[in-house]
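Here is a short briefing on one structure.

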Amino acid sequence: LSLNRDLPCPSSEWAVEMRIAIAGAGNAGRAIARELIENGHQVLLIDKNPKSLKMESVPSAEWLLADACEISSLDRAKLDTCQVMVAATGDDKVNLVASLLAKTEYGVPRVVARVNHPKNEWLFDSSWGVDVAVSTPRIIAALVEEAVSVGDIVRLFSLKAGEASLVELTLPDNSSCLGKSVEEISLPQDASLAAIIRDGHVITPADHDVFAAGDELIFVTTAEAEVSLKACFIKD
């Protein structure tokens, strides 16, 4: 039962707009939907519980009363027209099944899954169709570490089934790289400097940019490269 109008597929004229399906219309799912709609995307919220269909809370979304773990439901959702699937229910089993179906049956390019219980985090990888697993306890822990850790590598979250991670390093006053430019620092293999955050501004790194104390450096790196990455900026 579709409870709202069918939304058209994204036009090629709107290259930045995506059609995004969200399994789970609880507080988390609705909050994600509102944020994505505000950013100009089309959102479909799917939930099998009629009590969760609070359409007035996200009036611009498409709503579908259905089970995201059933092929027939996902057919009705036209999941093959979606660029992203977000499995955001409060049940890890449901999130895994919905992720697997989205990736294997419909070829959804990007699948993001919510991890409710940290003990299940190891399951959320490419074997279940998950591209990015989001664990609230891990994110909170990372943000706490980021706030208090200067001179240490802080892992923000994992990408692509844990093969790579987004990490942060805040440069202390005694960093060995202060006054040096980006091109003067040789990073380990499988590590790339993605951004420099300075005085509340995001800087896209260029070869001539010079490092300063307090800079927050954002890297995409593998776990193996993390060990030697710190040594490039912090000397013991």
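In which loop is the place of D199? D199 sits in the loop between β9 and β10 (201-203). This is a predicted model: local features need pLDDT of at least 70, side-chain atom pairs count only at pLDDT 80 or more, and totals for chains, interfaces and linings use all residues. Residues are numbered from 1 along each chain as its sequence is written, and side-chain values use heavy atoms, with hydrogens and water left out. Helices (H or I, at least four residues) and strands (E, at least two) are DSSP runs, numbered from the N terminus.

**Positive phi**

- D199 is not a glycine, yet its phi is positive, at about 55 degrees.
- D199 is exposed, with a relative accessible area of 71%. Exposed means over 50% relative accessible area, buried under 20%, and partly exposed in between (1.4 Å probe, protein chains only).
- D190 also has a positive phi, near 70 degrees, in a residue other than glycine.
- D190 lies in the loop between β8 (164-170) and β9 (191-198).
- D190 is partly exposed, at 49% relative accessible area.

**Nonpolar cores**

- A nonpolar core is a set of buried Ala, Val, Leu, Ile, Met, Phe, Trp, Tyr and Cys residues joined through side-chain atoms within 4.5 Å.
- The largest core has 18 residues; A21, I46, L74, L79, M85 and V108 have the most contacts inside it.
- At least two residues of this core come from each of β1 (19-23), β2 (42-47) and α3 (92-104). α3 gives the most, with 3 residues.
- Beyond its neighbours within four places in sequence, V108 contacts L79, C82, Q83, V84, M85, A102 and K103. Contact means heavy atoms within 4.5 Å.
- Another core, of 17 residues, lies apart from the largest one; C177, A191, L217 and C232 are among its members.

**Aromatic pairs**

- Rings of Phe, Tyr and Trp (its six-membered ring) pair if their centres lie within 6.5 Å; planes under 30 degrees apart count as stacked, over 60 as edge-to-face and the rest as tilted.
- The count comes to 2 aromatic pairs.
- F211 and F233 form an edge-to-face pair, with ring centres 5.6 Å apart and planes at 85 degrees.
- That pair links distant parts of the chain, 22 residues apart: F211 is in the loop between β10 and β11 (216-221), and F233 is in the segment after α5 (223-229).
- F211 and F233 are buried.
- F219 and F233 form a tilted pair, with centres 5.6 Å apart and planes at 55 degrees.
- F219 is in strand β11, 14 residues from F233.
- F219 counts as buried at 0% relative accessibility, and F233 at 1%.
- Ring pairs link F211, F219 and F233 into a cluster.
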